[in-house]
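I opened the structure to look up how its parts meet and which side chains pair. My entries follow in the order of looking.

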Amino acid sequence: MPVAEKQQEASKPFTPYQPAPGEEYMNEQQLEHFRQLLLDWKQDLMEEVDRTVRHLQEDANNYADPADRATQEEGFSLELRTRDRERKLLKKINETLDKIDEDDYGFCEACGVEIGIRRLEARPTATLCVDCKTLAELKEKQLGS
C-alpha cells in the first residue's frame, strides 16, 4: 500500500509537501519531510509487528477439530507472510533513511534525474524515476522473470 494511503490510516494525517516557487530540489526541508514520512511508516510497521506477536501468543488455541486448527494455522501463515513482506520493507526504509542521511536521496539510480516529490510521496523508497521504472518493468516482462 502506498505511503499516502497508509498515512491516512495512521494516527498522523498525511500532508503533501508544497514546494515554494523556485525551491531547490531535495533541500533540507524536503529531506526532513521524507525522513519524517519514512520514520512514521517505520513506526506503523513496528507497531503492526507487535500486534502480530501478541495475536499469535493470545490466539494460539489447540483446537480438537482438524478443520478449525487448519483454519487457524492458515490465518497465522497469512499473517506471518505479510509480516515477512513488511520486514523486507523495513529494510528498504532503513536503506532509504541512510540515503537521506548521505544526501543521496531523490535521484534516479539509473539515469540520475530527479525522481520527483509526488512520486516519492507515493513511494518514498523509490530508487528509479518513472521512465526507468517503466523500462525495467518492460524488460522484466519480456524476460519473463
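**Entry 1: the domain interface**

I looked up the area first: domain 1 and domain 2 bury about 1,100 Å² between them, and 68% of it is on carbon and sulfur atoms. I note that this is a predicted model. I quote an area because the size of an interface is often given as the accessible area lost when the parts come together.

For the bounds I took the domain assignment of the protein chain, which puts domain 1 at 24–104 and domain 2 at 106–144. Taken over C-alpha atoms, the centres of domain 1 and domain 2 are 23 Å apart. I then listed contacts and found 13 residues of domain 1 touching 12 residues of domain 2.

How many salt bridges cross the interface of domain 1 and domain 2? The rule finds one. I also looked up glutamate 109 and lysine 99, whose side chains meet in a salt bridge with N to O at 2.7 Å. For polar contacts between domain 1 and domain 2, I have a count of five residue pairs, both residues at pLDDT 80 or more.

Next I asked which elements give two or more residues to the side of domain 1 that touches domain 2. They are α2 (28–58) and α3 (66–101). Helix α2 gives the largest share of that side, six residues. By type, the residues on that side of domain 1 divide into seven nonpolar, three polar and three charged.

**Entry 2: glutamate 121**

I found glutamate 121 in helix α4, which covers residues 117–122. Is glutamate 121 buried or exposed? Its relative accessible area is 4%, so glutamate 121 is buried. The side chain of glutamate 121 makes a polar contact of 2.8 Å with the side chain of histidine 33.

**Entry 3: glutamine 30**

Glutamine 30 is in helix α2. I have glutamine 30 down as buried because its relative accessible area is 1%. Leaving out residues up to four places away in sequence, I listed what glutamine 30 touches: Tyr17, Pro19, Glu23, Glu24, Tyr25 and Ile117. A polar atom of the glutamine 30 side chain lies 2.6 Å from the backbone nitrogen of methionine 26. I also checked glutamine 30 against leucine 90, 60 residues apart along the chain, and their C-alpha atoms are separated by 21 Å.

**Entry 4: salt bridges**

I searched the whole structure and got 11 salt bridges. Side chains of opposite charge can pair when their charged atoms come close.

Aspartate 101 pairs with arginine 35, the closest N and O atoms being 3.2 Å apart. This pair links distant parts of the chain, with aspartate 101 in helix α3 and arginine 35 in helix α2, 66 residues apart. Aspartate 101 has a relative accessible area of 53%, so I noted it as exposed.

Arginine 83 forms a salt bridge with glutamate 79, and here the closest N and O atoms are 4.0 Å apart. Arginine 83 and glutamate 79 are four residues apart in helix α3, so about one helical turn separates them. Arginine 83 is buried at 14% relative accessible area, and glutamate 79 is buried at 19%.

Lysine 88 and aspartate 84 meet in a salt bridge of 3.6 Å, N to O. Both lie in helix α3, four residues apart, about one turn of the helix. I have lysine 88 as partly exposed at 47% relative accessible area, and aspartate 84 as partly exposed at 30%. Last, I noted that salt bridges with shared partners join Glu32, Arg35 and Asp101 into one network.

Methods: Residues are numbered from 1 along each chain as its sequence is written. This is a predicted model: local features need pLDDT of at least 70, side-chain atom pairs count only at pLDDT 80 or more; totals for chains, interfaces and linings use all residues. Side-chain values use heavy atoms; hydrogens and water are left out. Buried means under 20% relative accessible area, exposed over 50%, partly exposed in between (1.4 Å probe, protein chains only). A polar contact is a pair of N or O atoms within 3.5 Å; within protein, one must be able to donate a hydrogen and the other to accept it, and residues adjacent in sequence count only if both atoms are side-chain atoms. Domain bounds come from an automatic or database domain assignment. Contact means heavy atoms within 4.5 Å. Buried area is the accessible area (1.4 Å probe) that two parts lose on being put together, summed over both. Ala, Val, Leu, Ile, Met, Phe, Trp, Tyr, Cys and Pro count as nonpolar, Asp, Glu, Lys and Arg as charged, and the others, Gly among them, as polar.
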